[in-house]
Amino acid sequence: MMDNKMVLITLIGPDRPGILAAVTGCIADGGARIRDIEQSVTHTLMLLSLLIDFPTGESDQKPLIKDLLFLAKELGLQLDFEVVAEEDYQNLQSSRYGYVLTMLGDSVDAGAVNRVASLLTDYSINIDRINKLTRGQLRCVEFFLNVPNNTDLKGMTRQLLAEGGGLGIDIAVQKENLYRRAKRLVVLDMDSTLIQIEVIDELARLAGVGEQVAGITERAMNGELDFQQALRERVSLLKGLPADALEQVYHDLPFTPGAKNLVRILRQLGFRTAVISGGFDFFTDRLKAELGLDYAYANALEIADGKVTGQVAGAIVDGQRKAELLAEIAEREGITLSQVIAIGDGANDLPMLDRAGLGIAFNAKARVREQADYHINQGSLDSILHLLGIAEWEMAELSK
């Protein structure tokens, strides 16, 4: 062996305390350096890999390998080794990019894992590590990927999303870098995201124009109508509604499952939180106070003499304004846009989702899912935390 060669040592066997201390002690006594190290334990089975080299020359290598083989036998471990050229190691480090692929669903079964793994194989992508993020049944798993730098990432992602749709699971592919782990601001839409209803539809129901307004809302959220025009039209139909109706609707607001837990955990982790809505500030202001959100923006529903006038006061918070407000909050907090997560469901949320580092269409309309980079169709809003690598047991601990 030449001096520019390294040796990859791999040990497999039952895990117990003291293995790493014994192995690294042997390596230190043999005069070798550790260039790389990884360990994982699945149930009780340990896999330890060390990449070592010998700065003092080839003559010291064989005795150390012999000592390691004897040590492995004493520890009840299987040891393998292979020679790695420095040039090959450096090329491997520089020619690949790290990504994390998250699979999320009611059940991530063997068939789903097989389809995803097979597609990754088609793109010559290697899976470096796999983490399970849920207890009991496999419902969320993340793959850490080594992606060749000439990979058609967009094409691969489109195929993965199509596979996920057919399998009934959600799939997200993110670059695994500092910004994924350093998100600091989460911006949520209100209607059909933070809460399960469209507030304006509920107000319209109390005003006796429910079906008419709901139809306009559906088309607006699908991007078929200009948002500002659609909002003014719907608000005009609320003219004469007693202001008490707003309090009644707020009292009965159904939160999306996991919404309160999501905000609670984000606050405990030091995130800043905001709700930016195309709805009304009567509701967002109260949600801000109830949930402890840092920011709340929405439209002002004009009220006079105890009744809704049918007008919106001031500028309308449409899709473009949502994106502007997101950027303004980030600047105020000294946060880059790459550190922002935005979550929404309607066409008016798309500019906001596009502006954020991680924009997630949550249980969104079909046309919104088609345009969003990430879309999640899950029953619980706090499942989004899995995209940050937060495991179910960690969420439970933070929820106490």
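How many residues of domain 2 are in contact with how many residues of domain 3? In this model, 16 residues of domain 2 touch 15 of domain 3 (contact: heavy atoms within 4.5 Å). The model is predicted: local features need pLDDT of at least 70 and side-chain atom pairs count only at pLDDT 80 or more, whereas totals for chains, interfaces and linings use all residues. Residues are numbered from 1 along each chain as its sequence is written, and side-chain values use heavy atoms, with hydrogens and water left out.

**View A. Domain 2 against domain 3.** The chain is divided into domain 1 (6–93), domain 2 (96–176) and domain 3 (185–208 + 239–398), with bounds from an automatic or database domain assignment. The C-alpha centres of domains 2 and 3 are 28 Å apart. About 1,400 Å² is buried between domain 2 and domain 3, 54% of it from carbon and sulfur atoms (buried area: accessible area, 1.4 Å probe, that two parts lose on being put together, summed over both). L133, R135 and D170 supply 38% of the area that domain 2 buries here, more than any other three residues.

**View B. Salt bridge between domains 2 and 3.** One salt bridge is counted between these domains (a side-chain nitrogen of Lys or Arg within 4 Å of a carboxyl oxygen of Asp or Glu). The side chains of R139 and E392 form a salt bridge at 2.7 Å, N to O.

**View C. Salt bridges of K322.** The side chain of K322 meets that of D189 at 2.9 Å, N to O, in a salt bridge. D189 lies in the loop between β9 (185–188) and α7 (190–194) and K322 in helix α14 (residues 319–333), so this pair ties together parts that are 133 residues apart in sequence. Helices (H or I, at least four residues) and strands (E, at least two) are DSSP runs, numbered from the N terminus. K322 also forms a salt bridge with D349, with the closest N and O atoms 2.5 Å apart; D349 is in the loop between β13 (340–344) and α15 (350–355), 27 residues from K322. D189 and K322 are both buried, and D349 is buried as well (buried: under 20% relative accessible area; exposed: over 50%; partly exposed: in between; 1.4 Å probe, protein chains only).

**View D. A pair within helix α14.** E324 and R321 form a salt bridge, their closest N and O atoms 3.2 Å apart. The two are about one helical turn apart because they are three residues apart in helix α14. E324 is partly exposed at 32% relative accessibility, as is R321 at 28%.
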